[in-house]
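Please open the model in your viewer with the sequence panel beside it.

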Amino acid sequence: MRRVNSAKQALRCSGLAVLLLAAAGVAWAADASAPAASAPDAAASAPAAAPGSVQAAMALAAQVAQQQAADKKKQDEEERLRGFGADWESWTADNSVADTASLQRGLRDYVGYCRGCHALKYVRYSRMATDLQITLEQLQKFLLPAGGKASDYVSTPMPSADALTWFGKVPPDLSLMARERGPDYLYRMFTTFYVDPTRTTGANNLQLPGIAMPHVLSTLEGPKAAVFRTENGQQVFEHFVQLAPGSMSREEYQATVRDLVNFLDYAGEPSQVLRRSLGVKVVLFLLAFTALTYLLKREYWKNIH
């Protein structure tokens, strides 16, 4: 009986296999009888879908960029309304004198915005060009004043008498300003100007109240107002409010100020990068020499102890 059942199951399986094979044969025959697409048609149909997919990807990227720009604009507007800069006393320059590209940008901004009033009387053009990897042609074309020589010190074209008349004091030389005040002080000074109609220059400063210098970078940053509150009879700063946008975003302006402060830090001591690297080598030499001296001492005194 078991053998009969096994035989029936085998017949059923074989019948199912035959049906499957027959169906596969029919499908194969249908595929074989269908006219094959010619090579030119296939080649023409292949790129037809590509432009659509590329256009879709470009449209999606444009939508994402547009949404990001809208979010950034909304964030800036919210920040403008609620104010910023309450933590200004903790702002730091975070500059690096070893960054040559930053020094080059800082030199560009010094020439464009500072050299008209402030000199660098301890810095020669030739030394500056060597350290900042500026060619002689670039030095003569963009930096040297008319009739100037590469061996000259960096001076300002403003006469001291005119500066005294316009600002009430002669603008200080900036050669040693970063060494005297520190890079962080200069960074906070450039980033804490605010509109003050009571001042002759129309601007005041949190880091240096009563500053005589106008806000020469105002077109980059844009004008901002300072909000104060009265506490124990004194005016206490709360935050800044951006009155109008500048040509730069806040992040771009901060980066520009860092480059300028970085250059002034370099001008205070052009050889500081070399000094620091040489100092590390000297310390390593002294450590090695101390170890050799100790070993020599043990060798001399080994028979005495």
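Begin by selecting Asp94, which lies in the loop between α2 (39-82) and α3 (100-114). Helices here are DSSP runs of H or I with at least four residues, strands are runs of E with at least two, and both are numbered from the N terminus. The model is predicted: local features require pLDDT of at least 70 and side-chain atom pairs count only at pLDDT 80 or more, whereas totals for chains, interfaces and linings use all residues. Residues are numbered from 1 along each chain as its sequence is written, and side-chain values use heavy atoms, with hydrogens and water left out.

The phi angle of Asp94 is near 55 degrees, a positive value in a residue other than glycine. Most residues other than glycine have a negative phi. Asp94 is exposed, with a relative accessible area of 61%. In this tour, buried means under 20% relative accessible area, exposed means over 50%, and partly exposed lies in between (1.4 Å probe, protein chains only).

Next, select Asn232, in the loop between β5 (224-231) and β6 (234-242). Here too phi is positive in a residue other than glycine, near 55 degrees. Asn232 is exposed, at a relative accessible area of 76%.

Is Glu269 buried or exposed? With a relative accessible area of 19%, Glu269 is buried. Display its side chain together with that of Arg275: the two make a polar contact at 2.6 Å. Such a contact is a pair of N or O atoms within 3.5 Å; within protein, one must be able to donate a hydrogen and the other to accept it, and residues adjacent in sequence count only if both atoms are side-chain atoms. Leaving aside neighbours within four places in sequence, Glu269 is in contact (heavy atoms within 4.5 Å) with Arg179 and Arg275.

Then select helix α8, residues 183-191, which is mostly covered: 7 of its 9 residues are buried. Those buried in α8 are Tyr185, Leu186, Tyr187, Arg188, Met189, Phe190 and Thr191.

Phe190 leads on to the largest nonpolar core, which has 46 residues. Such a core is a set of buried Ala, Val, Leu, Ile, Met, Phe, Trp, Tyr and Cys residues joined through side-chain atoms within 4.5 Å. Which residues touch the most other members? They are Leu107, Tyr110, Leu120, Met128, Leu132, Phe190 and Phe263. Helix α10 gives the most to this core, with 8 residues. Centre the view on Leu107: not counting residues up to four places away in sequence, Leu107 touches Met128, Leu132, Ile134, Leu143 and Phe263. In soluble globular proteins, nonpolar side chains tend to be buried together.

Now show the cysteines. A search of the whole structure finds 0 disulfides, a disulfide being a pair of cysteine sulfur atoms within 2.5 Å. Cys114 is in no disulfide, and the nearest cysteine sulfur, that of Cys117, is 8.6 Å away. Cys114 counts as buried at 7% relative accessibility, whereas Cys117 counts as partly exposed at 25%.

Finally, clear the selection and view the whole chain. The chain has 11 helices and 6 strands, and buried residues make up 26% of its 305 residues. Among contacts between residues at least 6 apart in sequence, 67% join residues at least 24 apart.
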